[in-house]
Amino acid sequence: MAEKILLVDDDPTILRLLEHALGREGLSTATAETGAEALEAIASQPPDVVVLDLVLPDASGRDLLAQFQDICPHVPVVVLTASDTVDDIVECMRLGASDYLQKPFDQTRVVTSVRNALRQGELRASVESLSGKLRSREGFAAIIGSSPPIRHTVDFLSRASTSDVVVLLQGESGTGKEVAARAIHTESGRRDGPFIAVNCGAIPEGLIESELFGHERGSFTGATAARTGSFEQANGGTIFLDEVGELRMDLQVRLLRVLQERVVRPIGGSEARSIDVRVIAASNRNLQQEAARGTFREDLYYRLAVFPITLPPLRDRGSDVLLLADAFAIRCASEAGKDIAGFSPEARHVLEQYHWPGNVRELQNIVERAAILEDGPRISVSSLPESVVRGAGLEPRRAAGSPDSYGVGDTVAAAIESMTADDIVPMDEEERRIIRRALELTNWDAQEASRRLRIGRATIYRKIERYGLRTAK
Amino acid sequence: MDKVSLADEFGDEFAELQKEFLDTTRARVHELVRLLSEAAGKTPVGKDGDEFRRIAHSVRGSGGSYGFSDISEVAGDLEKAYLAGATTKRLADLVESLENVVASSIEQALLGAE
């Protein structure tokens, strides 16, 4: 379709001339002799470029220019002016004109100017579409992976995002249920509203009711101030109820009522407040089985499982393991201020062979740890936990001097040998221990310690602060 | 004779547009004359108190765009003189010059068409 140019000038002879000059170039034109006509034309069909005379009988061209910026900010405006004062021209450009033409003008110059403006319009449109794509990196693009199971899942998530349907995300622990819930929210019409995540299993039993539905001041001992519940906080947006299977039976009833009636009643409050919230629930338990067994309310299960989506375990996602590992490694390395370019071939083999019972979360933790430990340019097997290396069917100990050598004495190896799963400590504890040891060995020279740990100086100071290591000195 | 060569360059259609423009402009200049005589020695204004200036302004902007730079020039002088509060005598002289330059452009355009 030919590009459409809207010509606005109160002088019909100028309009005729512009129509002629642009028409010869294969551009289609529409004309308006007043500001009102111009606004009408723009509202009915936005043109690709506007050529606007600054002096109109019913409106100042400057005001119109500002109005155009409001109605269709992406449409470039070429200003026509008989004025030759620099101030006027500067003012127009400031108001967003993409170019100006001084009357009298020559036809070649008109065509060039309009062509440039068209190009500018195309650029603006592509910037718009690119920033749309950037925004979507937070949405489904945040879900890394190209394996058929994950693409299939993303397809379902994408369908779920187009409506307000209640979604039940199921899948093993660590498969990324919260990432999926956030992606649905970000891609949905509610993206500008809040996203409130509540982990029903992590909140103490006595507090969960108030957490979800809120309470009035003085409604129970300790309720010294009123509290807005998560449902109300999520108004206009999305609430994500993680580990919904952990909810007490009586709260399951309350949740069911909220879903049915779309109103919440805070504890101690008599007034029902209506809410507009999209609900996404998640559980790593099989709620259908629990409902059949009577440990989860069947009616609630059917309310939640309107659109069930099961996230695949990492072991079923083939080469996604390596894609994810690389993505985590790049992120961790840059956070730690290190120059790490991926994994050694042997390490990649381990990652591919391991069965990942803790799924994406386990992979992420392992890569974070490895990025801290690694001294070389690539993460080697020696930086991966022994349990993972063994789990991949490899013998972790190697001849000294080999690139993936553990470099640990037999005593340590033997100590590890005798460990059980109970000896596994949380990641941050392990990290605290590593940093503390490095500080002790360098006589608390943080700069030297960070150099030897190959992490950034800012990073070590942040960690010292975070782990309260300063006082340990 | 640059107007004629312009007509050649842009083809017959443009020559037609030029003729239309000259007709319109001749009518506009007549309007200027009418406003002057209507004002009877006072500053001519016309509709909305601004018609006289607006016509001069339009002709100044369009003349050169159609390839008649001398029309733009005289219309520009007229607009400036008007804004500077020139005497009606001075305005009448400039309108007469404008009339002449439009007439001679018409003459040349007709010659070019033959």
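This is a short talk on a few features of the structure above.

Okay, so first, this is a predicted model, which means local features need pLDDT of at least 70 and side-chain atom pairs count only at pLDDT 80 or more, while totals for chains, interfaces and linings use all residues. Residues are numbered from 1 along each chain as its sequence is written, and chains are lettered from A, ligands numbered from 1, in the order in which they are written.

Let's start with strand 1 of chain A. When I say helices and strands, I mean DSSP runs, H or I of at least four residues and E of at least two, numbered from the N terminus. Four of the five residues in this strand are buried, so strand 1 of chain A is largely enclosed by the rest of the structure. Buried here is 20 or more other C-beta atoms within 10 Å of a residue's own, exposed is 12 or fewer, partly exposed is in between, and the C-beta atoms are placed from the backbone.

Who does strand 1 of chain A pair with? It runs parallel to strand 2 of chain A over five bridges, and parallel to strand 3 (residues 49-53) of chain A over four; pairing takes at least two DSSP bridges. Take Ile5(A): its bridge partner in strand 2 of chain A is Thr29(A), and in strand 3 of chain A it's Val49(A).

Now helix 2 of chain A, residues 35-44. Gly35(A), Ala38(A) and Ile42(A) are buried.

Last, the chain contact: 17 residues from chain B and ten from chain A, where contact is C-beta atoms, placed from the backbone, within 7 Å. On the chain B side, helix 1, helix 2 and helix 3 of chain B each supply at least two residues, with helix 2 of chain B giving the largest share, eight. That side splits into four nonpolar, ten polar and three charged. Nonpolar is Ala, Val, Leu, Ile, Met, Phe, Trp, Tyr, Cys and Pro; charged is Asp, Glu, Lys and Arg; the others, Gly among them, are polar.

Conventions. Two residues are in contact if their C-beta atoms, placed from the backbone, lie within 7 Å.
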